[in-house]
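Biologist: I'd like to learn how to read strand pairing and disulfides in a model like this. Can you walk me through it?

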Amino acid sequence: MKKTLKFSTHFLLFFLLSIISVSSYAASPLGNWKTIDDVTGNVKSIVRIEGSASNLTGTVVKLYPGAMTICSECSGNLKDKQILGMTVISGLKQNADEPNEWSGGTIMDPKTGKTYHCTITVSADGSKLNVRGYIGFSLLGRTQTWIKVSGK
């Protein structure tokens with residue numbers, strides 16, 4: 001009887017620790033993500049997100065046919081530059097309270113040349129990335145869902 005009780009206690013403890021470990025796991029935003037056009041639903045580009053918990057950046061690494069190639073609406077040193085290779089996300093930091101969320105950075109829309117505050121949230125399974133760009137308050141913005149690209 002003591003052996004069974006001891007085994008049950010150890011098993012229960014192991015089970016609870018496993019649940020805590022899995023629930024605190026944060027899906028990673030690192031990797032390549034397909035961006036989808038809001039109007040047509042077509043894939044526009046692939047953005048590679050790199051960095052660390054304290055600074056994520058996103059760079060356009062592939063453009064699909066029909067996507068803009070030149071940032072004609074951009075200002076400053078990005079005016080009329082190639083979108084391919086352009087850093088469009090910068091300065092995101094992982095939120096301590098929400099391990100699947102990064103905020104505090106910016107995102108630039110090459111279509112308009114405008115820069116917005118940015119928050120990204122990775123789905124629990126790591127397959128989708130909700131990218132929210134906004135001005136001032138998060139309520140005043142829009143969210144796109146990007147799809148994880150598997151492999152290279």
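This is a predicted model: local features need pLDDT of at least 70, side-chain atom pairs count only at pLDDT 80 or more; totals for chains, interfaces and linings use all residues.

Biologist: Which residue in β2 does Gly31 stand opposite?

Modeller: Gly31 faces Ile49 in β2. The two strands, β1 (residues 31–36) and β2 (residues 43–52), pair in the antiparallel sense over 6 bridges. Together β1 and β2 make a hairpin with 6 residues between them, and Gly41 in the turn has a positive phi of about 80°.

Biologist: How many bridges join β1 to β8?

Modeller: There are 2 bridges, and β1 and β8 (residues 141–148) run antiparallel. Here Trp33 stands opposite Lys148 in β8.

Biologist: On to disulfides. What is the general idea?

Modeller: A disulfide is a covalent bond between the sulfur atoms of two cysteines. Searching the whole structure turns up 1 disulfide, formed by Cys71 and Cys74 with their sulfur atoms 1.6 Å apart.

Biologist: Is that disulfide right-handed or left-handed, and why?

Modeller: The torsion about the S-S bond of Cys71 and Cys74 is about 55°, so the disulfide is right-handed.

Biologist: Is Cys74 buried or exposed?

Modeller: Buried means under 20% relative accessible area. Cys74 has 4%, so Cys74 is buried. Cys71, at 0%, also counts as buried.

Biologist: And what does the side chain of Ser103 make a polar contact with?

Modeller: The side chain of Asn95, at 2.8 Å. Ser103 lies in β5 (residues 101–109), and its contacts beyond four places in sequence include Cys118, which is buried at 0% relative accessibility.

Methods
Residues are numbered from 1 along each chain as its sequence is written. Side-chain values use heavy atoms; hydrogens and water are left out. Two strands pair if DSSP finds at least two bridges between them. Helices (H or I, at least four residues) and strands (E, at least two) are DSSP runs, numbered from the N terminus. Contact means heavy atoms within 4.5 Å. A polar contact is a pair of N or O atoms within 3.5 Å; within protein, one must be able to donate a hydrogen and the other to accept it, and residues adjacent in sequence count only if both atoms are side-chain atoms. A disulfide is a pair of cysteine sulfur atoms within 2.5 Å. Buried means under 20% relative accessible area, exposed over 50%, partly exposed in between (1.4 Å probe, protein chains only).
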